[in-house]
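Please look through the structure below one region at a time, with the numbering of its residues at hand. The paragraphs that follow take up its spaces and some of its strands in turn.

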Amino acid sequence: MEANTRSTGRLPAAFLTPGSSSFMEFLSAHAPGMLPGNRSLPPVQGAVEAPHGTTIVAATFPGGVVLAGDRRATMGNMIAQRDIEKVFPADEYSAVGIAGTAGLAVEMVKLFQLELEHFEKVEGAQLSLEGKANRLSTMIRGNLAMAMQGLAVVPLFAGYDIDREKGRIFSYDVTGGRSEEIGYAATGSGSIFARGSMKKLYRDDLTEQQAITLVVQALYDAADDDSATGGPDMARRIYPIVTVITDEGFRKLSGAESSDIARSIVEHRMEQPDGPRAALL
């Protein structure tokens with residue numbers, strides 16, 4: 001195929017007439033070796049050490065959803081990277097946050113972006129948010145062989161549902177099992193602490209700014225108890241990645257915006273190390 005392309009200077013006919021709105025199916029038929037789940041690992045002795053990323057959190061508010069992630073990647077008990085990005089736009093009205101094996105996760109996100117873009121170009125319309133969540137589920141299931149070898153990817157998917165006019169959150173397990181979360185969600189090694197934080201602070205009537213503050217507070221609490229989750233790094237000016245998705249589309253907070261929120265939370269934590277208190281009744 002490659003030799004024919006070089007000699008004629010044109011793409012093979014199969015690439016010009018995919019016959020399917022799914023880029024994954026197209027790739028499976030014509031270049032299956034390019035799919036992450038179809039690659040075989042070289043023989044190794046002992047556990048495979050690879051950078052892992054955590055923690056991802058999300059919360060809905062009237063009119064949209066906030067998706068955020070910390071910046072730390074770990075390899076065993078070592079910090080592999082301090083400023084990794086774990087939250088990416090999937091398309092104009094959705095985003096995906098990655099937890100798990102960093103390299104595979106980033107590759108899966110890029111493939112997911114191509115999948116949605118391919119569908120829109122072939123069909124002339126966007127997938128529904130439910131359809132996007134299902135496509136991501138299929139991709140995660142395709143990585144099951146890698147997950148069984150310790151290279152798991154467990155993302156969190158969020159977006160604005162144009163038909164229902166509200167923000168929605170979907171979580172997954174390593175087999176591709178999908179669940180819709182109500183109000184808030186978290187994934188990654190620090191998720192248990194982040195979820196506990198949001199459970200006490202979340203309300204249905206949060207404003208966009210309050211929802212942003214909520215997820216950053218949750219990431220701070222996760223970093224407080226989970227060594228694989230990184231909190232705001234004031235010295236290096238590394239702050240959580242925070243994104244907002246509304247009927248106006250996807251928006252990533254600027255460095256200045258993230259800095260202001262993180263600094264405000266850190267200042268309050270100097271007085272209340274355990275964070276804001278929820279009412280007993």
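Helix 8 (residues 208–225) gives the most to the lining of the second largest pocket, with 4 residues; helices (H or I, at least four residues) and strands (E, at least two) are DSSP runs, numbered from the N terminus. This is a predicted model, in which local features need pLDDT of at least 70 and side-chain atom pairs count only at pLDDT 80 or more, while totals for chains, interfaces and linings use all residues. Residues are numbered from 1 along each chain as its sequence is written, and side-chain values use heavy atoms, with hydrogens and water left out.

The second largest pocket holds about 180 Å³ of space, and its lining residues include Arg203, Gln210 and Pro276. On a 1 Å grid over the protein atoms alone, a pocket is an open set of points with protein on both sides within 12 Å along at least five of seven lines, a cavity is a set of points where a 1.4 Å probe fits but cannot get out, and lining residues have an atom within 4 Å of a point. By class, this pocket's lining has 4 nonpolar, 3 polar and 1 charged residues, where Ala, Val, Leu, Ile, Met, Phe, Trp, Tyr, Cys and Pro count as nonpolar, Asp, Glu, Lys and Arg as charged, and the others, Gly among them, as polar.

What classes of residue line the largest cavity? Its lining has 8 nonpolar, no polar and no charged residues, and among them are Val96, Met108 and Pro155. The largest share of that lining, 3 residues, comes from helix 4 (residues 102–123). The space in the largest cavity is about 40 Å³, a volume being the space filled by probe spheres set on the grid points, which are joined across faces, edges and corners.

Now turn to strand 9 (residues 156–161), which is largely enclosed by the rest of the structure because 6 of its 6 residues are buried (buried means under 20% relative accessible area, exposed over 50%, partly exposed in between, with a 1.4 Å probe and protein chains only). Strand 9 pairs with strand 7 (residues 94–97) in the antiparallel sense over 4 bridges, and two strands pair if DSSP finds at least two bridges between them. Within strand 9, Gly159 is the bridge partner of Ser94. Strand 9 also pairs with strand 10 (residues 166–172), again in the antiparallel sense, over 6 bridges, and Ala158 stands opposite Ile169 in strand 10. These two strands form a hairpin with 4 residues between them, and Glu165 in the turn has a positive phi of about 55°.
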